[in-house]
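Q: I would like a close look at one part of this protein. Please take it step by step, in short sentences.

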Amino acid sequence: MIKKSNIKLTVLFVLSVSLLAAAVITFLLTSYYRQVCFYIIGDFCERMIEKMPDSRQIVLELLKTQDFHMAGENMLSNKSGSHMLSNFGYNPSNLGITDTTALWTAVLGFLAGALLFLFSFWFWHRKSNTRIQALTGYLEKINTGGQGLLFDSSDDEFSKLQDEIYKTVTALYQTRESALTARNHFAENLANIAHQLKTPITSISLTVQMLKEHLGKSCANIEEIPRQLSRLMHLEEALLLLSRIDSGTLVFDKKPTDVFTILSLASDNLSELSMQKGVLIDVPELGEMTLHVDLDWTMEAVINLMKNCIESAEINTAIHCSYEKNPLYVQIRIWDEGEGFAKEDLPHLFERFYRGVNAKHSGIGIGLSLSKAIIEMQNGIIRAFNLANGWACFEIRFYTS
């Protein structure tokens, strides 16, 4: 179908150019014919007046009233007649040489050729726009997650572009499928590792309890074992959560939730830790601001941020919170009064299992990466930076749309 339309377009274009060329040639031939007649009549009048001087006035009157159709290209080289008639103000149109059939033929041919040319250009422009819109629509469909291949192959000036788009999209699909497969395998491996940890952790816990009953206080280092088991259990839970995030199976129950409620609940969950560290958590009430998020998971993300601040803060200092709203997003800030983030830590803070160069706690380096994943999966972003006075600050933005 596209080949037929291309053939039609080519035929129209060639026909329009041919008509334009024919019209121009016809016009030139008509002008040449009128000049020939003009020279012939001029030469005739000149010779007649030479032989009959008294007929000058009669000849000039006849030239104004009579039509003369004379031929003879052999007189064209003798241009003396043109001088005489021009001296009296004559030109071919004054002499009645006004047969405009050929001229009108040229004009009509020119108009027809011009119309055909304009129609060919319009048809080509419309066809090009249609093809561009089709390719653009296909790319938009792919970008929004649509499936499918390009439409039927065509043989036109866009066929090469269409082929390259098809190759690129196919390669991207293959890369995407490979990445999804690798991510799913990684998530499965994390889940398997976490499940495999349960058995030895449970066994060690039972063994520790039996040792306590039999040995009592005779073993001084036995209390260290439960602490390490607690870390292993925490690692197991984190790995299971990471596997759910990577596999996309983590479900959020999003409901309208007040920001003050999220911060207050997170602060209450950390009250014991903050008392042990001698750190106050300040959550001011700044008015009602609603987020459309999952309360439990968002609170979990905020707890990890507050906990990081508590473990990095100095004794007898405070953890501060603030929040504000604008037409685009709701912003939450959490900062401490500590030494701030090390410059080399800032690019890696939200990487999994990363621990800062000056880390004072025995964490496993998953909390911040989990917070980042939870926030981003709810149309939010998070960043970490140092305030002007050097204190460490976390900034969260939940976008309204």
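A: Start with the kind of model. This is a predicted model.

Now the pair of helices. Two packed helices are described by the angle between their axes and the distance between the axes. Helix 7 covers residues 259-269, and helix 9 covers residues 295-312. Their axes come within 9 Å of each other. The axes cross at roughly 55°. The crossing of helix 7 past helix 9 is right-handed.

Which residues make this contact? On the helix 7 side they are Ile 262, Leu 263, Leu 265, Ala 266, Ser 267 and Asn 269. Helix 9 supplies Leu 295, Thr 298, Met 299, Val 302, Ile 303 and Met 306. Sort the contact of helix 7 with helix 9 by class, and you get nine nonpolar residues and three polar ones. No charged residue takes part in that contact.

Helix 9 has another partner to look at, helix 10. Helix 9 and helix 10 pack at an angle of about 145°. Their axes are 9 Å apart. This time the crossing is left-handed. From helix 9, the residues in contact are Trp 297, Thr 298, Ala 301, Asn 304, Leu 305 and Asn 308. They meet Gly 367, Leu 368, Leu 370, Ser 371, Ile 374 and Ile 375 of helix 10. Look for Thr 298 in particular. Thr 298 is listed in the contact with helix 7, and Thr 298 is also listed in the contact with helix 10. By class, the contact of helix 9 with helix 10 has seven nonpolar and five polar residues.

Helix 10 runs over residues 367-376. Helix 10 is mostly covered, with seven of its 10 residues buried. The buried ones are Leu 368, Ser 369, Leu 370, Ser 371, Ala 373, Ile 374 and Ile 375. Several of these also touch helix 9, including Leu 368 and Ile 374.

What about Lys 372 and Glu 376 in helix 10? Side chains of opposite charge can pair when their charged atoms come close. Glu 376 and Lys 372 form a salt bridge, and their closest N and O atoms are 2.7 Å apart. The two residues sit four residues apart in helix 10, so about one helical turn separates them. Lys 372 has a relative accessible area of 27%, so this residue is partly exposed. Glu 376 is partly exposed too, at 39%.

Ser 274 has a relative accessible area of 8%, so Ser 274 is buried. Leaving out residues up to four places away in sequence, Ser 274 touches Val 279, Ile 281 and Ile 310.

Glu 164 is partly exposed, with a relative accessible area of 33%. Another salt bridge links Arg 397 to Glu 395, with closest N and O atoms 3.5 Å apart. Arg 397 is partly exposed at 22% relative accessibility, whereas Glu 395 is buried at 3%. These two belong to a network of salt bridges that links Arg 333, Arg 383, Glu 395 and Arg 397.

Finally, step back to the whole protein. The protein has 10 helices and seven strands. Buried residues make up 35% of its 401 residues. Take the contacts between residues at least 6 apart in sequence: 73% of them join residues at least 24 apart.

Key: Residues are numbered from 1 along each chain as its sequence is written. This is a predicted model: local features need pLDDT of at least 70, side-chain atom pairs count only at pLDDT 80 or more; totals for chains, interfaces and linings use all residues. Side-chain values use heavy atoms; hydrogens and water are left out. Axes are lines fitted to C-alpha atoms, for helices over the stretch in contact, and angles run from 0 to 180 degrees between N-to-C directions. A crossing is left-handed if the near helix is turned anticlockwise from the far one by less than a right angle, and right-handed if clockwise. Contact means heavy atoms within 4.5 Å. Ala, Val, Leu, Ile, Met, Phe, Trp, Tyr, Cys and Pro count as nonpolar, Asp, Glu, Lys and Arg as charged, and the others, Gly among them, as polar. Buried means under 20% relative accessible area, exposed over 50%, partly exposed in between (1.4 Å probe, protein chains only). A salt bridge is a side-chain nitrogen of Lys or Arg within 4 Å of a carboxyl oxygen of Asp or Glu.
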